[in-house]
2 protein chains.
Amino acid sequence: MLDKPDQKPHDRLAEALSGDMAEVNALIRTRMASEHAPRIPEVTAHLVEAGGKRLRPMLTLAAARMCGYEGDNHVKLAATVEFIHTATLLHDDVVDESEKRRGRPTANLLWDNKSSVLVGDYLFARSFQLMTETNNIRVLRILSDAAATIAEGEVLQMTAAQDLRTTEAIYLQVVRGKTAALFSAATEVGGVIAEMDEAQVKALFDYGDALGIAFQIVDDLLDYWGSDATGKNVGDDFRERKLTLPVIKAVALGDDEERAFWKRTIEKGRQEDGDLEHAIALLNKHGTLEATRAEANEWIAKARAALAHLPAHPIRDMLDDLADYVVARVN
Amino acid sequence: MLDKPDQKPHDRLAEALSGDMAEVNALIRTRMASEHAPRIPEVTAHLVEAGGKRLRPMLTLAAARMCGYEGDNHVKLAATVEFIHTATLLHDDVVDESEKRRGRPTANLLWDNKSSVLVGDYLFARSFQLMTETNNIRVLRILSDAAATIAEGEVLQMTAAQDLRTTEAIYLQVVRGKTAALFSAATEVGGVIAEMDEAQVKALFDYGDALGIAFQIVDDLLDYWGSDATGKNVGDDFRERKLTLPVIKAVALGDDEERAFWKRTIEKGRQEDGDLEHAIALLNKHGTLEATRAEANEWIAKARAALAHLPAHPIRDMLDDLADYVVARVN
């Protein structure tokens with residue numbers, strides 16, 4: 001499996017799972033259709049076909065295959081996970097008033113907020129229909145719990161954003177909701193349908209949870225650390241006054257003058273030229289970008305440790321490489 | 001059961017089911033809580049405690065009890081149904097940019113659209129968690145199908161509104177989505193958990209479906225027919241350019257001049273003083289208010305006929321009276 005050393009872990013996984021993934025894509029196309037409301041597939045196709053990385057459904061397929069699963073419920077569950085993800089993106093873009101997603105104008109911009117809200121609701125409902133077809137109550141419980149955690153995390157993010165009292169614990173809660181809950185549900189259900197023992201199901205959950213947390217921490221870090229090469233616009237989070245880990249750590253370590261700076265720029269939102277540069281200087285002064293990077297690496301170590309509880313398999317090695325790759329952008 | 005002839009059928013049902021309903025209300029309060037995001041119960045309580053009629057959860061309780069059900073899943077499913085309903089109200093108010101609901105300012109006005117979108121998502125997820133607790137896959141299928149039909153109906157309404165080509169068939173599809181799908185799911189699941197035979201489960205579905213359709217038709221009719229006494233603001237749908245049954249029928253029967261009037265007022269939205277009065281005059285000229293009323297009565301006859309397939313029970317008589325009562329406002 002290591003005969004193409006230049007290939008990214010994500011692409012190697014996609015290659016190993018390409019047959020299953022083709023079925024997932026076909027199922028998504030079938031199920032996003034609506035007999036009565038053509039607006040639904042229009043909006044969904046705009047987002048689905050913009051070609052995200054399909055990372056979440058791939059995690060479900062990988063978990064199931066690594067555990068020797070031979071049925072076809074993994075395809076249904078992978079499509080379920082992608083529908084939930086797509087629904088949350090549609091609603092997120094309304095909440096954040098975003099104008100771009102995956103390099104294209106957002107659905108709320110191309111159509112309107114109404115379409116994004118209602119088509120998102122449709123995809124949520126479709127995802128529940130799909131998971132119901134597995135006839136597996138435990139899987140339904142895991143995914144409905146994840147959906148509740150996601151929504152709770154989004155509400156928490158909305159109320160915690162711009163509040164300088166936000167702690168690292170609250171940040172972690174938000175990150176679990178907005179990212180890790182779906183990652184961990186995606187891997188866990190793969191093990192559940194493969195009827196693995198409880199220790200292995202827990203290891204799959206732990207892998208997805210830690211990978212998701214690291215993924216989001218790196219994403220937040222790149223917002224201050226990145227360059228054009230990483231595809232991130234440095235400073236977006238600062239301009240949108242989002243309290244992410246590097247800033248939360250810096251606020252905690254700052255003196256009165258620094259706290260006044262964060263209060264003005266993040267809490268009050270009164271930003272001036274040069275503020276972003278000053279913010280980055282403060283993050284560097286307190287070493288919080290480094291500390292944040294170290295934290296992402298700790299989560300990746302946890303993700304890799306969880307894999308050790310799972311059966312040896314080429315896909316397990318790819319998931320191990322994937323974990324490394326998530327932090328490679330900042331290491 | 002007829003010892004209080006002045007009581008409305010709805011209130012008699014509420015009295016007969018008061019023990020169960022108290023449990024439903026307690027469950028709703030418990031499950032709308034969020035450990036991490038206090039905004040969630042704030043927004044939900046605002047809507048839940050405004051005191052809607054709780055008609056939908058009552059239908060689930062009534063169906064289950066009438067069928068001799070003795071467990072406690074009917075309480076969970078009634079709360080599920082109310083959560084789905086509350087979530088759709090939150091999202092509807094965002095989509096319609098509403099400012100009032102149940103006589104109080106809407107959540108999107110008191111907080112913001114973001115809160116309404118995300119708390120609605122949370123309640124959807126909570127509803128799926130709750131129904132999963134019944135361990136009944138068939139019930140999960142019925143309710144997730146209903147959720148998809150509701151969202152599809154909302155999208156269809158959004159795209160069909162203001163389009164004079166909207167037919168009575170499309171109107172019926174929208175009504176099934178926005179109202180009847182949850183009514184019929186509410187009654188059907190009551191029969192499913194009571195393990196009734198297929199003919200009886202179908203009769204429960206048919207009752208809920210027909211009752212929901214009649215309920216919505218009457219609501220749309222009252223928008224042109226009502227008075228202050230019915231609690232409806234005559235003309236709201238006209239001003240909001242909603243194509244409802246009385247207008248769809250009148251457009252189909254109108255001459256060129258009338259079509260031009262509907263095109264200007266509904267499609268283009270260029271309304272002037274006196275237009276509402278002229279619209280009502282056209283509805284009366286073609287007898288479409290009468291025809292719409294007749295149609296509501298036909299659906300009520302279907303609802304009552306469905307009840308004949310179900311076991312004799314005091315609650316069955318109350319559901320029969322409830323059907324009559326739905327159209328009583330216009331008969």
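A residue is called buried under 20% relative accessible area, exposed over 50%, and partly exposed in between, with a 1.4 Å probe and protein chains only. By that rule B:E195 is exposed, at 71% relative accessibility. The model is predicted, so local features need pLDDT of at least 70 and side-chain atom pairs count only at pLDDT 80 or more, while totals for chains, interfaces and linings use all residues. Residues are numbered from 1 along each chain as its sequence is written, chains are lettered from A and ligands numbered from 1 in the order in which they are written, and side-chain values use heavy atoms, with hydrogens and water left out.

**Overall form of chain A**

- Chain A holds 16 helices and two strands; helices (H or I, at least four residues) and strands (E, at least two) are DSSP runs, numbered from the N terminus.
- The radius of gyration of chain A is 20 Å, which agrees with the value near 20 Å for a compact globule of 331 residues.
- That radius is taken over C-alpha atoms, and the globule rule is 2.2 Å times the number of residues to the power 0.38.
- The C-alpha trace of chain A spans about 60 × 50 × 35 Å along its principal axes.
- Of the 331 residues in chain A, 57% are buried.
- Among contacts in chain A with a separation of 6 or more, 74% join residues 24 or more positions apart; contact means heavy atoms within 4.5 Å.

**Surface and charge of chain A**

- Chain A exposes about 13200 Å², and carbon and sulfur atoms supply 47% of that area.
- Accessible areas come from the Shrake-Rupley method with a 1.4 Å probe, and for residues only the protein chains shown count as cover.
- There are 39 positive and 54 negative side chains in chain A, with the centres of the two sets 2 Å apart.
- Lys and Arg count as positive and Asp and Glu as negative, whereas His and the chain ends are not counted.
- Each charge is placed at NZ of Lys, CZ of Arg, CG of Asp or CD of Glu.

**How the two chains are related**

**The loop between α9 and α10**

- A:E195 sits in the loop between α9 (168–193) and α10 of chain A, and B:E195 sits in the loop between α9 and α10 of chain B.
- A:E195 has a positive phi of about 55 degrees although it is not a glycine; phi of B:E195 is likewise positive, near 55 degrees.
- A:E195 is exposed, at 70% relative accessibility.

**Helix α10 of chain A**

- A:F215 belongs to helix α10 (residues 198–225) and is buried, at a relative accessible area of 16%.
- Leaving out residues up to four places away in sequence, A:F215 touches A:L55, A:T179, A:F183 and A:V326.
- A:Q200, also in helix α10, is buried at 17% relative accessible area.
- Beyond its neighbours within four places in sequence, A:Q200 is in contact with A:H309, A:L310 and A:P311.

**A:T166 in chain A**

- A:T166 lies in the loop between α8 (137–160) and α9 and is buried, with a relative accessible area of 9%.
- Its contacts, not counting residues up to four places away in sequence, are A:A160, A:Y171, A:L243 and A:I248.
- A:T166 and A:T244 are 78 residues apart along the chain, and their C-alpha atoms are separated by 9.3 Å.

- In helix α12 (residues 245–253) of chain B, seven of the nine residues are buried, including B:K249 and B:A250.
- The cover over these buried residues includes α9, α10, α13 (256–267), α14 (275–285) and α15 (288–307) of chain B.
- B:H286, in the loop between α14 and α15, is partly exposed, at 21% relative accessibility.
- Apart from neighbours within four places in sequence, B:H286 is in contact with B:A250, B:L253, B:G254 and B:E258.
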